[in-house]
Amino acid sequence: MGIGKAIVITSGKGGVGKTTTTANIGTGLAMLGNKVAVVDTDIGLRNLDVVLGLENRIVYDIVDVVEGNCRLKQGLIRDKRFEGLYLLPAAQTRDKTAVSPEQMIELVNKLKEEFDYIVIDSPAGIEQGFKNSIAGVEEAYIVTTPEISAVRDADRVIGLLESQGIKNPKLIINRIRYDMVKKGDMMNVDDIVGILAVDLIGIIPDDESIVISTNKGEPVVFQDKPLAAKAYKNICSRITGEEVELLNLETNEGKLSKIIKLLFSK
Amino acid sequence: MDLFKIFGKNKNKSKNVAKERLKLVLVHDRSDLSPKFLEMIKGDIIRIVNEYAEIDQEGLDIKLTRMKRDSDDSPMSALVANIPIVKIKDDEKYT
């Protein structure tokens, strides 16, 4: 196996969709034929397992692997639904200090020997858990929503990543509502990209199907229809080097709003 | 044409309010990341003002702050400098 690429999904602010994004990018990359490990570094508040629907299969976790209680292979849970997808879960009964950045570098380097992509879910905040999650990665994707608080925290994290030598972090704007953007009640993609001055790797619409798929423990990328699934698939294609145009969120518009638009478009 | 334009509400769209507030808050956040920036400005100001007046360098205070613009009350970032002057230098050479 060749040398893999490690990507951290981070945000600063909590609740913007890091874990959902990690689950979908990991699954999407596996669906494209890659061998992928998704790693949950949110020790004490593990969630990637439930979003992926693998919570009942956990035996060992990241702390067990790092402390040598089990071999790396034993810690990795193979997802039976998607060929090539593996999860390394966080520990639930420990805290962030159970793992050091040096141990993370060693772990990520070992994973790179086995996998094409390592997608790391970062905890919220900028403390040790965050520092662990960015140790040993080549690339960082920052998830934000079009809210002032999330964009502010994203800006802070961009500064921290750059000071840690992770250059050119890329932006994922999550939960865009086209109807609100159109009314001028939500910052649009250009507004946010302009303010943060980083490259965009994808936009995800606010989509009910995310909630539904999370309820079921099945990443939305597994479906064909939802716009959010297309959005995540596009991100995965871009990661593998393909050029894909940004999603046109306008297609999300309902018939009623189209009629209203016609009435007022003189 | 849409309803918002008819009622003339498009000027105060909430996203523009968000953008303005965000830009200001980021000026502060970003400057917090480099205190070096303020130190450099401080050094240059001392050097220039010193040509015209003797200043109390200990009492010098420079900070980035938020205030409202006089003309339209819109919030803005301002560099506020408080420079205690001990003595104006002989101004003959400037006249």
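Which residue is the bridge partner of A:V8 in β5(A)? The partner is A:I120. The model is a predicted one, in which local features need pLDDT of at least 70 and side-chain atom pairs count only at pLDDT 80 or more, while totals for chains, interfaces and linings use all residues. Residues are numbered from 1 along each chain as its sequence is written, chains are lettered from A and ligands numbered from 1 in the order in which they are written, and side-chain values use heavy atoms, leaving out hydrogens and water.

## The sheet

Helices (H or I, at least four residues) and strands (E, at least two) are DSSP runs, numbered from the N terminus. Two strands are taken to pair if DSSP finds at least two bridges between them. In chain A, eight strands make up an open sheet with mixed pairing, and their order is β3-β4-β2-β5-β1-β6-β7-β8. The edges are held by β3 (77–78) and β8 (199–205) of chain A; each has a single partner strand, so one side of each is left without a neighbour in the sheet. Strands of a sheet pair through backbone hydrogen bonds, either parallel or antiparallel.

Strand β1 (residues 5–10) of chain A pairs in the parallel sense with strand β5 (residues 117–121) of chain A, over five bridges. Within this pairing, A:I9 stands opposite A:D121 in β5(A). β1(A) also runs parallel to β6(A), to which four bridges join it; here A:T10 has A:I142 in β6(A) as its bridge partner. β6(A) and β7(A) are likewise parallel and joined by four bridges, with A:T144 opposite A:I173 in β7(A).

Burial is scored by relative accessible area: buried means under 20%, exposed over 50%, and partly exposed in between (1.4 Å probe, protein chains only). By this scale β1(A) is mostly covered, since five of its six residues are buried. In β7(A), five of the seven residues are buried, so this strand is largely enclosed by the rest of the structure.

## The core

A nonpolar core is a set of buried Ala, Val, Leu, Ile, Met, Phe, Trp, Tyr and Cys residues joined through side-chain atoms within 4.5 Å. The largest such core has 91 residues, and those with the most contacts inside it are A:I25, A:L111 and A:I239. Its largest share, eight residues, comes from α11(A). In soluble globular proteins, nonpolar side chains tend to be buried together.

Contact means heavy atoms within 4.5 Å. Not counting residues up to four places away in sequence, A:I25 touches A:I9, A:V119, A:Y141, A:I172, A:Y232, A:I235, A:C236 and A:I239. The structure holds zero disulfides over all chains, a disulfide being a pair of cysteine sulfur atoms within 2.5 Å.

## Salt bridges

A salt bridge is a side-chain nitrogen of Lys or Arg within 4 Å of a carboxyl oxygen of Asp or Glu.

| Residue | Partner | Distance |
|---|---|---|
| A:R94 | A:E67 | 2.9 Å |
| A:R152 | B:D29 | 2.6 Å |
| A:D191 | B:K15 | 2.8 Å |

In the pair formed by A:R94 and A:E67, A:R94 lies in the loop between β4 (85–88) and α5 (101–114) of chain A and A:E67 in helix α3 (residues 62–67) of chain A, so the contact ties together parts that are 27 residues apart in sequence. Both are partly exposed, A:R94 at 38% relative accessibility and A:E67 at 40%.

The salt bridge between A:R152 and B:D29 crosses between chains, from helix α7 (residues 148–163) of chain A to helix α2 (residues 14–33) of chain B. A:R152 is partly exposed, with a relative accessible area of 33%, whereas B:D29 is buried, at 14%.

A:D191 and B:K15 also meet in a salt bridge; A:D191 lies in helix α9 of chain A and B:K15 in helix α2 of chain B, so the pair joins two chains. A:D191 and B:K15 are both buried. Elsewhere, A:K5, A:E139 and A:K170 are linked in a network of salt bridges.
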